Number of protein chains: 2
Amino acid sequence: MNFSDFDKTSVFRELSKIANSFKHFDFRGQLTATRVEKCRTPMAAGLTYSWAAKALDEGVLKLLQNLAEEQELIKKYRALLDGGVMNTGENRMVLHHLLRGEAGKPVIHEGKNIGEFYRKELDRLSAFAEAVHGGKIRGSGGKPFSAVVQIGIGGSDLGPRALYLALENYAAAGGMKKLDAKFISNVDPDDASAVCASLPLDETLFILVSKSGATQETLANELFVKDKLEKAGLDSSGHMIAVTSETSPLAHNTAYLDSFYIDDFIGGRYSSSSAVGGCVLSLAFGPGVFREFLRGAGEADKLALEPDILKNAALLDALIGVWERNFLGYPYTAVLPYSQALSRFPAHLQQLDMESNGKRVNRNGQPLSYSTGPVVFGEPGTNGQHSFYQLLHQGTDIVPLQFIGFLESQRKDDVELDGSDSQKKLKANIAAQIVAFAKGQENENRNREFPGGRPSSIIYGKQLTPQVLGALLAHFENKVMFQGFVWNINSFDQEGVQLGKVLTKRVLENHAGDPALGSYSKILGI
Amino acid sequence: MNFSDFDKTSVFRELSKIANSFKHFDFRGQLTATRVEKCRTPMAAGLTYSWAAKALDEGVLKLLQNLAEEQELIKKYRALLDGGVMNTGENRMVLHHLLRGEAGKPVIHEGKNIGEFYRKELDRLSAFAEAVHGGKIRGSGGKPFSAVVQIGIGGSDLGPRALYLALENYAAAGGMKKLDAKFISNVDPDDASAVCASLPLDETLFILVSKSGATQETLANELFVKDKLEKAGLDSSGHMIAVTSETSPLAHNTAYLDSFYIDDFIGGRYSSSSAVGGCVLSLAFGPGVFREFLRGAGEADKLALEPDILKNAALLDALIGVWERNFLGYPYTAVLPYSQALSRFPAHLQQLDMESNGKRVNRNGQPLSYSTGPVVFGEPGTNGQHSFYQLLHQGTDIVPLQFIGFLESQRKDDVELDGSDSQKKLKANIAAQIVAFAKGQENENRNREFPGGRPSSIIYGKQLTPQVLGALLAHFENKVMFQGFVWNINSFDQEGVQLGKVLTKRVLENHAGDPALGSYSKILGI
């Protein structure tokens with residue numbers, strides 16, 4: 001395969017040449033009803049990617065198709081699915097797709113069929129969840145479990161938390177909600193203390209999540225929780241399961257009621273589809289809901305193999321993002337879900353994107369001279385409209401926007417005011433914002449003038465179901481992967497988190513070394 | 001007073017001339033223990049602003065002092081305090097400071113002493129909260145209130161919600177917690193439906209917050225809640241108070257148990273110190289907690305009058321932000337509180353900053369040719385360290401960082417592991433991150449190299465108390481105000497939210513006008 005830096009490709013030069021004329025794209029003239037109808041790409045689970053309000057034309061699309069081919073994006077994705085060592089820095093395969101279907105060849109590693117291993121763990125955790133729901137597994141005091149608490153940080157927290165919140169109302173409305181779920185992540189002791197104080201400990205099951213079994217924050221929080229359980233007269237080993245790798249100190253350990261396994265081929269931020277997300281979601285909503293989620297993700301993974309960029313939403317979204325980042329020069333993207341259920345989904349995408357593609361060297365460790373991953377941020381609409389949208393509409397800089405919306409609510413509990421229900425108002429706001437951002441509006445009072453020219457896309461579907469959520473998550477995972485391939489970086493390691501860990505250890509062991517570090521430690525009362 | 005565009009000042013040219021040499025500031029050489037000791041400015045409520053890890057020297061500081069003088073920042077702040085019409089677009093005074101003390105001259109408007117009006121409302125809401133806590137005011141079914149729900153959006157939601165979360169554990173640990181508080185903001189019907197389903201309605205008091213009494217989302221949610229109350233056989237007027245302006249349709253209305261008033265001189269995003277924040281916080285924690293919060297904010301407001309930038313943290317923070325935005329060229333800032341209690345504080349600051357300073361015309365409506373407010377985003381540490389910090393450390397672009405930390409936890413409930421408790425680990429992480437970002441680290445493996453050169457500041461204090469929280473909030477409000485004065489913009493209006501409202505109304509009334517808007521409406525099933 002051809003692993004070239006992006007600026008060495010011929011399409012890079014061609015895109016550079018034409019970029020300037022698109023910095024002031026004529027949305028007022030170009031964004032017609034026909035364009036809105038036409039510029040849509042079907043996604044998995046009935047979702048649609050609409051990219052009419054992006055600053056591009058057929059010439060740009062043709063070059064983006066060439067880019068996909070010149071950088072061999074589909075070929076690289078296939079290689080990843082087939083077990084190629086795409087995490088070059090850590091010399092590892094990248095197998096989160098295999099958690100939700102077998103889109104490539106069977107992956108055998110050291111004689112082990114990895115897909116079978118993942119399916120076995122899924123079956124085990126499904127059976128465990130059902131035993132908890134059936135009252136066969138109970139707390140050490142004999143009570144059935146009524147709550148589950150995930151203890152983990154980063155990928156073991158943000159993804160599962162965002163997905164739990166995304167499905168909580170759906171499950172409650174459909175009678176599928178089994179247990180309340182909470183999350184402890186921060187090493188700030190107030191986090192664990194408040195969560196423990198809010199729950200009946202004798203009815204609570206904790207999930208300790210750490211692939212390595214060595215995450216400082218998570219181990220501190222495990223100790224915190226065990227201390228509370230024991231002080232409440234409970235047997236902590238009867239209230240805790242572990243999700244870890246088979247080689248970690250947490251594995252096969254009698255301190256836990258049971259353990260479920262992942263491996264080094266599942267990166268933290270890609271682990272929502274594994275036992276990391278599977279245990280908490282299956283316990284909260286039943287294993288059927290989690291399997292529906294996997295089904296939607298698997299469907300999206302298959303669609304992402306399509307070489308025609310107009311038929312592959314993840315690929316097209318990735319390429320448009322590259323166009324905006326490297327040629328139009330926008331250093332950020334806002335994610336704007338019009339769905340309260342997706343309140344923490346932007347925080348998960350922030351992690352997924354910025355941790356994967358916030359890299360300044362290529363996959364072989366050579367420094368790059370072009371921009372890679374953007375800053376990603378966002379909050380749910382309509383809330384954001386009354387907040388930071390001011391800058392998005394009338395600030396001095398342009399921020400590309402990613403809307404997400406659904407035709408129907410999850411709870412189907414609504415009220416009508418002034419001739420429309422709230423769901424209809426919610427959708428009307430999306431349509432209005434897309435057009436306002438793109439076309440703007442003139443006004444004699446310049447303070448009331450909207451310049452427009454703010455590009456956006458929207459992903460929309462009928463309702464946010466488990467299957468749709470899986471398709472949505474996989475879309476963004478695959479988008480980020482394709483962008484990493486374009487930029488010729490390794491999207492699957494995270495060396496940028498290491499130095500902080502080393503220096504923290506030095507501070508705690510009282511040999512700061514660096515005098516400034518010693519001085520900061522002093523003023524912070526360490 | 002002199003209201004010049006920033007690029008017309010002489011100091012703008014001088015700062016431009018020297019900026020390039022600071023784009024590669026030698027943190028490894030410059031960030032010494034002495035510098036960390038020295039570069040600190042005391043703030044209100046015992047907080048400290050530490051700016052050692054910023055890319056500047058005494059020459060830059062001297063120019064920033066000149067900038068403060070040339071743009072008459074303190075004089076403009078005084079004019080604002082004294083009731084000057086600083087919200088030029090809407091022809092209004094800007095009086096949120098007056099909610100927490102009288103730092104300027106008494107403000108008389110149409111014969112009314114505004115400070116006295118604010119104090120009277122504070123006394124009334126305090127007495128109301130005490131009557132609820134004492135059981136004198138009860139639900140229509142005779143039960144004492146156990147929960148309070150704020151219905152509001154934007155400034156009526158983000159600030160009060162962030163402050164409630166910031167003090168919830170402090171109040172619980174100190175025995176001051178009176179009522180649980182929840183918030184309904186989004187027009188998404190799933191938001192209101194889920195909150196209502198989670199509460200005993202006969203014990204719940206709702207606060208309807210809308211200055212104009214015409215906010216679409218808030219009125220839809222009011223109707224939603226009233227419908228639920230009535231279906232539960234309750235008298236909705238006995239379960240709802242209003243916070244609004246005296247001229248709104250909600251004022252003096254028997255549909256509410258009581259009403260508390262603000263006026264046009266309190267912008268939404270600046271209204272946490274008014275009845276908008278006061279009712280929910282006083283009901284949740286008692287009026288004493290809210291008055292402590294105001295005391296801290298008032299103290300910060302007084303300190304912000306100091307003309308010497310080295311003694312005025314809000315002013316210095318503002319000027320350093322301008323230095324980074326306009327001369328070093330950074331388009332964003334990350335807010336990183338090492339305190340789980342501040343989990344939603346970055347979202348509030350995002351609103352405060354981006355809605356205030358996301359402007360492209362000056363205070364007289366003339367287009368500007370320099371950058372104004374940056375994109376603001378953030379999540380609590382240590383969580384962010386396992387997520388988007390990868391890009392902050394090793395991405396291709398530099399993001400300035402604003403740390404916040406406390407020496408002690410709020411709940412004082414902690415556990416020791418490997419020789420340190422969690423609070424100590426939390427603090428060690430802050431110190432380590434500041435130094436890692438600034439100094440980086442070389443490595444033969446370029447993938448493990450940290451370039452450093454990432455500037456940061458930290459605000460730290462003993463513990464996050466109500467007074468400290470007030471000082472912290474006022475610091476950022478005043479920082480944003482000073483930046484607005486430098487940029488010669490109006491930080492107090494928000495015309496950028498209007499166009500979306502107009503287009504939404506058109507969609508709902510089936511006369512979209514714009515064909516693209518009609519087409520988006522169609523695909524979204526409106």
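Domain bounds, as used here, come from an automatic or database domain assignment. On that basis chain A of this predicted model is divided into domain 1 (6-70 + 306-493), domain 2 (103-291) and domain 3 (494-526). Chain B is superposed on chain A by a rotation of 180° with 0.0 Å of shift along its axis, at an RMSD of 0.0 Å, and that is the relation of a two-fold axis. In chain B, the C-alpha nearest this axis belongs to Phe377(B), which lies 3.2 Å from it.

**Fold and dimensions of chain A**

- The secondary structure of chain A amounts to 18 helices and 15 strands, and the C-alpha atoms of the chain fill a box of roughly 70 × 60 × 55 Å along the principal axes.
- The radius of gyration of chain A is 24 Å, which agrees with the value near 24 Å that a compact globule of 526 residues would have.
- Of the 526 residues of chain A, 63% count as buried, and among contacts between residues at least 6 apart in sequence, 74% join residues at least 24 apart.
- Between domain 1 of chain A and domain 3 of chain A, the distance separating the C-alpha centres is 38 Å.

**Interface between the chains**

- On chain B, 124 residues are in contact with 124 residues of chain A, and the largest share of that side of chain B, 15 residues, is contributed by helix α15 (residues 422-439) of chain B.
- By residue type, the side of chain B that touches chain A consists of 53 nonpolar, 49 polar and 22 charged residues.
- Because 100% of the interface residues of chain B are also interface residues in chain A, the copies meet through the same surface.

Technical notes: Residues are numbered from 1 along each chain as its sequence is written. Chains are lettered from A and ligands numbered from 1 in the order in which they are written. This is a predicted model: local features need pLDDT of at least 70, side-chain atom pairs count only at pLDDT 80 or more; totals for chains, interfaces and linings use all residues. Copies are superposed by least squares on the C-alpha atoms of residues with pLDDT of at least 70 in both. Two residues are in contact if their C-beta atoms, placed from the backbone, lie within 7 Å. Helices (H or I, at least four residues) and strands (E, at least two) are DSSP runs, numbered from the N terminus. Ala, Val, Leu, Ile, Met, Phe, Trp, Tyr, Cys and Pro count as nonpolar, Asp, Glu, Lys and Arg as charged, and the others, Gly among them, as polar. The radius of gyration is taken over C-alpha atoms; the globule rule is 2.2 Å times the number of residues to the power 0.38. A residue is buried if 20 or more other C-beta atoms lie within 10 Å of its own, exposed if 12 or fewer, and partly exposed in between; C-beta atoms are placed from the backbone.
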